[in-house]
Each structure stands twice: as C-alpha cells, then as structure tokens.
Amino acid sequence: MDNLNILSISLLVFLVLGSCNGGELRKNFYRISCPEAENIVRHVTWKHVASKNTLPAKLIRMHFHDCFVRGCDGSVLLDSTSNNAAEKVAVPNQSLEGFDVIDEIKSQLENICPGVVSCADIVALSARDSVSFQFNRLMWEVLTGRRDGRISRASEALANIPSPFFNFTTLKQSFANKSLTVKDLVVLSGAHTIGVGHCNFFSNRLYNFTGKGDADPSLNSIYAATLRTKCQSLSDNTTIVEMDPGSSLTFNTHYFSVLKQQQGLFQSDAALLTNKGASNIIDELVSPGKFFTEFSQSMKRMGAIDVLTGTKGEIRKKCSVINS
C-alpha cells in the first residue's frame with residue numbers, strides 16, 4: 001500500500017473517531033472535521049457583543065442553565081412540542097436570551113461543515129467568547145466534543161437549576177449533585193458581576209422579609225433603600241436591577257467586593273457569607289488574578305457536567321429541534 005493510501009486511511013480513521021467515538025472532551029475537537037469552527041463561533045459572538053454589551057451575561061447564563069439540566073447537551077435550546085413542555089418555558093429560563101446568536105452561528109457552521117458541530121459546543125464556546133470580548137483574548141479553555149441531547153423537560157429545569165432563594169445548604173447540595181465543590185459554587189457565583197436581576201426574584205428581601213414588614217437584616221440597609229426606589233412592590237416582575245451595582249457590564253471582581261459589604265442582590269448571593277469556608281474563598285477572589293484563574297478552572301468543570309460524547313446523542317441540524 002502506498003503512502004498516499006495509508007495517509008488517506010489514517011485521516012478517515014481520525015475523522016470518524018474525532019466526530020463519533022471520541023469518548024471524551026478534548027482541545028480542538030474540530031481541528032480536522034471543521035477547522036474554522038471555533039473562529040466562526042468567536043466572529044459571530046464578538047459581532048453581536050460589539051452591538052449589544054448585555055449579551056455576555058445572557059450567554060453565560062444560558063450555558064449554566066444548560067449544564068445544570070441533563071448536562072451540557074444543548075437541551076436548553078429545544079423548543080416545546082405539542083406533547084412536551086421544554087426547558088425554555090420553565091420559570092428560571094423564561095428570561096433567557098441569545099438564542100438568535102446561537103442560531104446564526106449554527107447556520108454558518110452548517111453551511112461549511114454540515115452535521116459536524118454540536119449546538120452544545122456552540123453554547124459553551126459562545127459563553128466563553130462573549131465574556132472574552134472585553135479582554136480581546138480568550139479567558140478560559142473550552143474543551144469540545146459534546147453531542148446534543150434529544151430530551152428537554154421544563155420540570156427538570158425547575159428541579160435542577162439553583163434558585164436565587166436558596167440558602168447555603170441547598171446551594172451546596174445543588175452543586176454537589178453536579179459534582180461541583182463549594183469553591184466552584186463561590187467562583188461561578190462571580191458570574192453575577194455581569195447582568196441584571198428581576199425585582200420579583202429578590203424583592204422579598206426588601207418588604208416583609210420575616211412577616212413583620214421588615215427587610216432582610218443581612219442586606220446592607222442603604223443598598224436596600226436604593227433597591228426599594230427601583231422595586232416599589234412585591235408584585236413588580238418587570239423592573240430589572242444590576243446584579244453588581246455600578247459594574248454590571250464589566251467582567252471583574254467587583255461582585256465579591258460588594259458582596260463583602262452585604263450588597264449581594266439575591267438570597268443565594270448573601271448565603272455565601274453564611275459559611276466560613278465560602279466566606280474565606282470570597283476574600284481570596286477579590287484579587288483579579290486569583291478570580292480569573294479559578295473561574296477558568298470552574299467553568300471547565302461545569303462545562304463537562306454529564307456530557308454526551310462518542311456515539312451518544314446526536315449533532316442537531318437545527319438547534320431548536322431534534323433531528324427527525
């Protein structure tokens with residue numbers, strides 16, 4: 001057999017293994033099967049972030065919500081059908097945005113590499129790329145090779161996505177269920193340095209917290225007064241407020257600084273201060289170098305939750321529907 005034939009067979013084996021039977025996530029999974037994949041994801045993501053600076057918070061939240069339900073399998077992208085309510089319609093996901101960006105990326109990839117790049121990988125890559133835009137460099141490594149799930153249930157989203165009303169014990173258990181540690185919990189909470197929250201997810205801390213018309217005593221009183229000027233009743237479910245006051249468009253360590261001043265927006269933020277170990281981690285993460293390093297590691301761990309690889313799942317042709 002001549003060298004050319006040997007090379008052709010080797011390439012074929014690599015392509016088959018690379019797109020079907022990899023068995024685990026790895027760097028540059030699409031290096032041969034779709035060499036431009038990661039560049040296209042970044043190009044489209046950066047184009048959108050350049051015109052919409054609130055997008056990074058949306059895409060990182062989408063990735064988080066995807067991974068906590070059935071693992072990082074793109075199930076959060078699926079539309080409901082006549083006989084199934086999908087994750088998208090669950091209360092925690094009703095305010096998700098950025099699906100149009102994922103669809104545009106997928107469309108471009110299908111044009112050059114049909115049936116190769118998974119929607120699950122697009123979600124993971126675009127979350128990283130959106131946050132990276134402000135730094136003009138990639139902020140953490142994303143291993144690829146995820147495949148797409150075929151099941152999406154609203155009930156599972158409600159049961160698995162951590163609630164902003166959780167206390168520390170419930171948060172810790174929620175993360176432990178996904179093989180994530182207390183350190184991961186605190187570090188990933190740092191993503192609240194960007195984005196907004198709706199009043200109805202924290203206004204109970206402002207009004208009648210213990211049934212006596214009082215505010216949550218663990219909330220900075222001056223901050224609480226400011227929040228009451230924005231969220232003027234418990235029934236307000238449309239007003240949005242910065243999660244990291246004064247710094248909600250910049251990915252930095254400001255969240256941890258304000259958290260130490262009792263200015264965490266949600267009960268789940270304030271809960272991190274109620275545990276000594278978690279509180280010590282917060283003290284460390286005020287340092288930008290430490291936070292970026294740890295965030296990179298925790299995102300890598302989160303991005304590997306219950307992934308489908310090898311021959312499991314499928315590569316969706318369109319991210320909102322399973323293949324027929």
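Predicted model: local features only at pLDDT ≥ 70, side-chain atom pairs only at ≥ 80, totals over all residues.

Residues are numbered from 1 along each chain as its sequence is written, and side-chain values use heavy atoms, with hydrogens and water left out.

**Stop 1: helix α2**

Select residues 37-51, which make up helix α2. Helices here are DSSP runs of H or I with at least four residues, strands are E runs of at least two, and both are numbered from the N terminus. The 15 residues of α2 should span 21 Å at 1.5 Å a residue, and the end C-alpha atoms are 22 Å apart, which agrees. (That expected span is 1.5 Å times one less than the number of residues.)

Now color α2 by burial, where buried means under 20% relative accessible area, exposed over 50%, and partly exposed in between, with a 1.4 Å probe and protein chains only. The buried set is A37, I40, V41, V44, T45, W46, H48 and V49. These residues pack against α3 (55-67), α4 (99-112) and α5 (119-132); contact means heavy atoms within 4.5 Å.

**Stop 2: α3 and α5**

Move on to α3. Its end C-alpha atoms are 19 Å apart, in agreement with the 18 Å its 13 residues should span. Of those 13 residues, 12 are buried, so α3 is largely enclosed by the rest of the structure. Show what covers its buried residues and you'll find, among others, α2, α4, α5, α7 and α13.

Then pick α5: 14 residues, reaching 20 Å from first C-alpha to last, close to the 20 Å expected. Here 14 of the 14 residues are buried, so α5 too is largely enclosed.

**Stop 3: K318**

Jump to K318, in the segment after α13 (288-302). With 52% relative accessibility, K318 counts as exposed. Leaving out residues up to four places away in sequence, K318 touches K106 and C119.

**Stop 4: α7 against α8**

Two packed helices are described by the angle between their axes and the distance between the axes. Select 168-176 (α7) and 182-189 (α8): they pack at about 105°, with axes 9 Å apart. Axes are lines fitted to C-alpha atoms over the stretch in contact, and angles run from 0 to 180 degrees between N-to-C directions. The pair is therefore roughly perpendicular, a label for angles of 65 to 115 degrees. Show F168, L171, K172 and F175 of α7 with V182, D184, L185 and L188 of α8 to see the contact.

**Stop 5**

Which positions does UniProt mark as "binding site"? The unreviewed entry places that feature at T193 and D244; such annotations may be inferred rather than shown by experiment.

T193 sits in the loop between α8 and β1 (196-198) and, at 0% relative accessibility, counts as buried. Its contacts beyond four places in sequence include D244, S247, F251 and Y255.

**Last stop: two positive phi values**

Finish with N208, in the loop between β1 and α9 (221-230), and Q262, in the loop between α10 (254-260) and α11 (267-270). Phi is near 55° for N208 and near 60° for Q262.

Key:
Parallel < 35°, antiparallel > 145°, perpendicular 65-115°, else oblique.
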